[in-house]
Amino acid sequence: MLEVKSLSKSFDGFKAVNNANLDVRKGEIVAVIGPNGAGKTTLFNLITGILKPDSGTVHFRGENITGLPSYEICRKRISRSFQVVNIFPRLTVFENVQVSILSRERRTWNLFTPSSKLAVEETNRILESVGLVQKKDRTTALLSHGDRKVLEIAMALGGDPEFLILDEPTAGMAPEETVRCIDLVKHLSEKLGLTILFCEHDMEIVFGIADRIMVMVRGATIVQGSCDEVRCNEAVQEAYLGGSDVCLM
Amino acid sequence: MLKGMLEGRGRIWWAAIIILMFLLPFILPRFYLYLLSIILLTGLLATSLNLVLGYGGIFQFHHAVFYGAGAYGTALILTKTGLSPWVSFIVGPLVSAALGLIIGWICIRLSKLYFAMLQISLGSLVWIIVYRWYSFTGGDDGIHGIPLPDILSSSNNAYYFTLIVTLICLFAMYKIVKSPFGSTLQGMRDNPVRCEMIGINVKRQQLLALMIAGFFAGVAGSLFVVVDNTVFPDMLFWTLSLEICIMCLLGGWFTFLGPMLGAAIIIALRTFVSTYTTYWALVLGILMALVIFFLPNGVLGYIEEKIKKGFIEPVIKE
């Protein structure tokens, strides 16, 4: 479904992503792992058009989407959430998700129909599915960190995606919020059939929900395979444990 | 707050205010009607700026250029062509919208302060053309004694025309703020990167907002021609733009009617305080400092906040 080939991006000579390769099949949950600064977020930014790559290609469902602007990539039903919470702080929870749906429905140039009458049912349904419907009238600035991260996922769902990219979805969450978030990701995969690409530092989560794992070190893909293939891979042990022969997880 | 005021008994209040405004020509002397007309059209101008500044987060720091363009567009058609005067009231705002598109198209590739600086530069370029082109725009003298249709020549009728057009424009802008376009505009103000990532073409959306704001600023400019029978280059000068920004800030730039209130406060101050002292700007300066320290969301923003917390709720509900 998604195919990344030899993707590279430098900033002032620093190779943030250097020959990254990745393929994700329909319906899979794929995790990208790597030490801090490995280039995971930059890779996601390159896939979603926030950054333009220096070289390499990104294909989605066979179509070359390399370097397309973010809004066009989103319209191809790729949605994402961000590592640092990225929402509309002055709008309510409901409006945050509603704007996303209105955008998908191409109603953003509609000047005179009241927003309050549009996409209400779908917005409520999405908020219900992520457990935020009780807080829908709150301004998002007043939400807890965990709720804001979940709201990010809800906004991504407003785009009715086939492919969902989650950048550290549980970062900074309390343990009970983490459990809720992981259950949500599993639900999205199993019940809605979404293909999910995510990065995460918590190995328990990664090995718990990922079908396959891609490991990045210093911007490059060092291995991509099933959990078992990655767990005891020598290159991965070298990157994470400094050459110890202890398997991950 | 506004939503609340447009429902139930709030509607009665609004109807009462509007009826009172229609009755004012029977009570007020001519000077005060003129003053009220200027407050209305300047409030309309400030509200049009707030559409892009407060709701859109776009640093449109030279908005007066669209006001002047609308006024000159109307004045030039009235003085130099044989077209119907009513055509000029349409063409003026359209000229402003077109200018909004051109300046916006050039500036939109930049953001925040860079956008503001380029916009001030291009706006000043338009001002200098108007200021120097004596044969066409009247140069620094401007254009005076602009012929108006007979129906608008009395001050009462000019006031009614200004009141009706301002109310229509405010209603249209309110509908826009509450529309999907308005929602996405506020989303872009809060977080343009996120907007792109939910499929919104931010630049195109901002460009439409700049055109709409330019159009309504042009309407305010055309109304000035009706009220004052004159146009002059200072209408496009950057100091006026600054004054409109202050009106938004003072009234409350996250509120719909805040800019109108800000316009009323500043024009009233300028008119009444300047009869006592030539240093009226000093009073404005002190007022601004107090507002920034104590009411960062502006006067109306402060009132709305109090209503939300329930302090003033009973009064509004009545």
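Asp160(A) counts as partly exposed because 15 other C-beta atoms lie within 10 Å of its own. By the cut-offs applied here, a residue is buried with 20 or more other C-beta atoms within 10 Å of its own, exposed with 12 or fewer, and partly exposed in between, the C-beta atoms being placed from the backbone. The model is predicted: local features need pLDDT of at least 70 and side-chain atom pairs count only at pLDDT 80 or more, while totals for chains, interfaces and linings use all residues. Residues are numbered from 1 along each chain as its sequence is written, and chains are lettered from A and ligands numbered from 1 in the order in which they are written.

**Backbone and local features in chain A**

Asp160(A) sits in the loop between α5 (145-158) and β7 (163-167) of chain A. Helices (H or I, at least four residues) and strands (E, at least two) are DSSP runs, numbered from the N terminus. Asp160(A) is not a glycine, yet its phi is positive, at about 45°. Most residues other than glycine have a negative phi. Asn19(A), also not a glycine, has a positive phi of about 65°. Asn19(A) belongs to strand β2 (residues 14-24) of chain A, and with 14 C-beta neighbours inside 10 Å it is classed as partly exposed.

Ile209(A) is part of helix α7 (residues 203-209) of chain A. It has 18 C-beta neighbours inside 10 Å and so is partly exposed. Two residues are in contact if their C-beta atoms, placed from the backbone, lie within 7 Å. Apart from neighbours within four places in sequence, Ile209(A) contacts Ile29(A), Ile182(A), Val185(A) and Lys186(A). Between the C-alpha atoms of Ile209(A) and Arg77(A), which are 132 residues apart along the chain, the separation is 22 Å.

**The two chains**

Chain A contains nine helices and ten strands. Its radius of gyration, 18 Å, is close to the 18 Å from the globule rule for 249 residues, so chain A is as compact as a globular protein of that length. The radius is taken over C-alpha atoms, and the rule is 2.2 Å times the number of residues to the power 0.38. The C-alpha trace of chain A spans about 60 × 40 × 35 Å along its principal axes. Of the 249 residues in chain A, 44% are buried. Among contacts in chain A with a separation of 6 or more, 64% are between residues 24 or more positions apart.

Chain B has 16 helices and zero strands. A compact globule of 318 residues would have a radius of gyration near 20 Å, and the 19 Å of chain B agrees. The principal-axis spans of the C-alpha trace of chain B are about 55 × 50 × 40 Å. Buried residues account for 47% of the 318 residues in chain B. For contacts in chain B between residues at least 6 apart in sequence, 74% join residues at least 24 apart.

Axes are lines fitted to C-alpha atoms, for helices over the stretch in contact, and angles run from 0 to 180 degrees between N-to-C directions.

| Helix pair | Packing angle | Axis separation |
|---|---|---|
| α3 (residues 30-53) of chain B and α12(B) | about 75° | 9 Å |
| α8(B) and α11(B) | about 170° | 10 Å |

Angles under 35 degrees count as roughly parallel, over 145 as roughly antiparallel, 65 to 115 as roughly perpendicular and the rest as oblique. α8(B) is therefore roughly antiparallel to α11(B). Residues are classed as nonpolar (Ala, Val, Leu, Ile, Met, Phe, Trp, Tyr, Cys and Pro), charged (Asp, Glu, Lys and Arg) or polar (the others, Gly among them). The contact of α8(B) with α11(B) has twelve nonpolar, one polar and no charged residues. Phe161(B) and Val165(B) are among those from α8(B), and Phe216(B) and Leu223(B) are among those from α11(B).

α3(B) and α12(B) are roughly perpendicular to each other. Their contact is made by Leu45(B), Ala46(B), Leu49(B), Asn50(B) and Leu53(B) of α3(B), with Ile244(B), Met247(B) and Cys248(B) of α12(B). By class these residues are seven nonpolar, one polar and no charged.

The buried residues of α15(B) are Gly298(B), Leu300(B), Gly301(B), Ile303(B) and Glu304(B). Their cover includes α12 (238-251), α13 (258-273) and α14 (280-294) of chain B.

**Contact between the chains**

The contact takes 34 residues from chain A and 22 residues from chain B. On the side of chain B that touches chain A, the elements giving two or more residues are α8 (155-177), α9 (180-190), α10 (192-197) and α11 (202-228) of chain B. α9(B) gives the most to that side, with seven residues. By class, that side of chain B has eight nonpolar, nine polar and five charged residues.
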